[in-house]
Amino acid sequence: MGRVNKIQVGVENISFDASHYTKSSDGKCENLHGHTFILSVEYEGNFNQESGMVFDFIELKKIIKDVIKDYDHKLILPAKDKENTRIEGEFSLSVKYLDYPAATTEYIALSIFHDIAEKLKGRIKIKLYEGMNNYVVIEGESA
């Protein structure tokens, strides 16, 4: 019988919708625009032989969905823009401020990674899609 080095469990394709703007080379993304983001999370932990699990999928989904609710249907902005951004109209507006210099998909992924890492101790890997074809992967150890 072979030796197992690690066991990972994961949840894929949890989606949320949000809008943002970014400074880009062609300027098109400087306009406020939205995406359907799709998140996948892998967790590496200790295998519990008694339960037969590394982590219960139901609990993992609950953690991820609890984090994602802070991003879903939000305007995502860097915190530095809080005082100089004004959006008004006959609609509701909910904003998620990031403690990063921009609201790029990379920074959104970093923010989500850190939010999940606060709730889930161990090795974590996330993959955040912006739309269907573009994605960011972040992997690290939570404290």
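Modeller: Let us start with Asn13, which is found in strand E1. Please keep in mind that this is a predicted model.

Biologist: Happy to. What is the phi of Asn13?

Modeller: First the general idea: most residues other than glycine have a negative phi. Here, Asn13 has a positive phi of about 65°, although it is not a glycine.

Biologist: Is Asn13 buried or exposed?

Modeller: Asn13 counts as exposed, because its relative accessibility is 56% and the cut-off for exposed is over 50%.

Biologist: Where is His73 found, and what is its phi?

Modeller: His73 is in the loop between H1 and strand E3, which covers 74-78. Its phi is positive too, near 55°, in a residue other than glycine. With a relative accessible area of 58%, His73 is exposed.

Biologist: Let us go back to E1. Is His20 buried or exposed?

Modeller: His20 lies in strand E1, residues 8-20. Its relative accessible area is 1%, so His20 is buried. Among the residues it touches, leaving out those up to four places away in sequence, are Leu32, His33, Leu75, Ile76, Ile108 and Glu130.

Biologist: With which side chain does the side chain of His20 make a polar contact?

Modeller: The partner is the side chain of His35, at 3.2 Å.

Biologist: Now the helix. How many residues does H1 have, and how far does it reach?

Modeller: H1 has 12 residues, 57-68, and reaches 16 Å from its first C-alpha to its last. That is close to the 16 Å expected at 1.5 Å a residue. At its start, a side-chain oxygen of Asp56 comes to within 2.8 Å of the backbone nitrogen of Ile58.

Biologist: Lys62 makes me think of charges. With which residue does Lys62 form a salt bridge?

Modeller: In general, side chains of opposite charge can pair when their charged atoms come close. Lys62 pairs with Glu59, and the closest N and O atoms are 3.5 Å apart. Because they are three residues apart in helix H1, about one helical turn separates Lys62 from Glu59. Glu59 counts as partly exposed, at 34% relative accessibility.

Biologist: How many salt bridges does the structure hold?

Modeller: There are six salt bridges. One of them joins the side chains of Asp66 and Lys69, at 2.8 Å from N to O. Asp66 is partly exposed, with 28% relative accessibility. Another salt bridge links Lys80 to Asp81, with the closest N and O atoms 3.2 Å apart. Here Lys80 counts as exposed, at 55% relative accessibility, whereas Asp81 counts as buried, at 9%.

Technical notes:
Residues numbered from 1 in each chain as written. Predicted model: local features only at pLDDT ≥ 70, side-chain atom pairs only at ≥ 80, totals over all residues. Heavy atoms only, no water. Helix = DSSP H or I, 4+ residues; strand = E, 2+ residues; numbered from the N terminus. Buried < 20%, exposed > 50% of the residue type's maximum accessible area, 1.4 Å probe, protein only. Polar contact = N/O pair within 3.5 Å; in protein donor to acceptor, adjacent residues only side chain to side chain. Contact = heavy atoms within 4.5 Å. Expected span 1.5 Å × (residues − 1). Salt bridge = Lys/Arg side-chain N within 4 Å of Asp/Glu carboxyl O.
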